[in-house]
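Let us walk through this fold together, starting with the overall layout and then turning to the contacts inside. Please keep the model open beside you as you read.

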Amino acid sequence: GGQQMLARHHQLKVGGTGIVGYVALTGRPRIALDTSADVIFFNNPDLPETRSEISLPLKYGNRIIGVLDVQSLLPSAFSSEDIDTLSTLANQIAIVLQNMQIVEENRFIASRNVKFIQKGEASGYAFQPDGSITTSTNLPDDNPALKKALA
């Protein structure tokens, strides 16, 4: 079922139907130990044998950036130990996702700055990954205030 959902780019709305939508909206974990009795559970036709489910928010600070959802074919498959373990995992996943987003944003900014410099549109100072400083020719190198600020 998961492969079919990936193939059709399955997505759920925040606050939409099901446990995942609920967790994405509220930021609170939710467990359905018996999916047949849970009022929020959405019976996904791609996963018809789901009997229990746990969803946990992926939070970075106060921001919800996703949901970790685990399903089981067995009823009452999750214990309080599972909640603790999966909560720790969800926290680690959120940190990794946030770090990946920061890296991508920095790559975008760096590539944009390189394009401006190549076109001669940028002026000022830039820090390189190795810590060195480059200047454009649009500013005088003998500016004492700039030298003091950079020092």
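The chain holds four helices and five strands, where helices (H or I, at least four residues) and strands (E, at least two) are DSSP runs numbered from the N terminus. Along the sequence they come in the order α-α-β-β-β-α-β-β-α. Please bear in mind that this is a predicted model, in which local features need pLDDT of at least 70 and side-chain atom pairs count only at pLDDT 80 or more, while totals for chains, interfaces and linings use all residues. Residues are numbered from 1 along each chain as its sequence is written, and side-chain values use heavy atoms, with hydrogens and water left out.

How much of the chain is buried? Of its 151 residues, 21% count as buried; the term means under 20% relative accessible area, with exposed meaning over 50% and partly exposed in between (1.4 Å probe, protein chains only). A contact means heavy atoms within 4.5 Å. Among the contacts in the chain with a separation of 6 or more, 40% are between residues 24 or more positions apart.

Let us look at helix α2 next, which spans residues 18–26. Its buried residues are Gly18, Ile19, Val20, Gly21, Val23 and Ala24. The elements that cover them include β1 (30–32), β2 and β3 (63–72). After α2 comes Gly27, with a positive phi near 75°.

Now to the nonpolar interior. In soluble globular proteins, nonpolar side chains tend to be buried together. A nonpolar core here is a set of buried Ala, Val, Leu, Ile, Met, Phe, Trp, Tyr and Cys residues joined through side-chain atoms within 4.5 Å. The largest one has eight residues: Ile54, Leu56, Leu58, Leu68, Phe78, Leu86, Ala90 and Ala94. Two or more residues of this core come from each of β2 (52–60) and α3 (80–119).

Is Ser52 buried or exposed? Ser52 counts as buried because its relative accessibility is 0%. Apart from neighbours within four places in sequence, Ser52 has contacts that include Ala32, Leu33, Thr35, Val70 and Phe78. A polar atom of the Ser52 side chain lies 2.5 Å from the backbone oxygen of Leu74.

Turning to charges, there are two salt bridges, each a side-chain nitrogen of Lys or Arg within 4 Å of a carboxyl oxygen of Asp or Glu. One joins the side chains of Asp38 and Arg30, at 3.0 Å from N to O. Asp38 counts as buried because its relative accessibility is 15%, whereas Arg30, at 21%, counts as partly exposed. The charged end of Arg30 also sits over the ring of Tyr22, 5.3 Å from its centre; this requires NZ of Lys or CZ of Arg within 6 Å of the ring centre and within 35 degrees of the ring normal.

The other salt bridge links Glu104 and Arg107, whose closest N and O atoms are 2.9 Å apart. Both residues lie in helix α3, three residues apart, about one turn of the helix. An α-helix has 3.6 residues a turn, so residues three or four places apart point the same way. Glu104 is partly exposed, with a relative accessible area of 46%, and Arg107 is exposed, with 53%.

Key:
A polar contact is a pair of N or O atoms within 3.5 Å; within protein, one must be able to donate a hydrogen and the other to accept it, and residues adjacent in sequence count only if both atoms are side-chain atoms.
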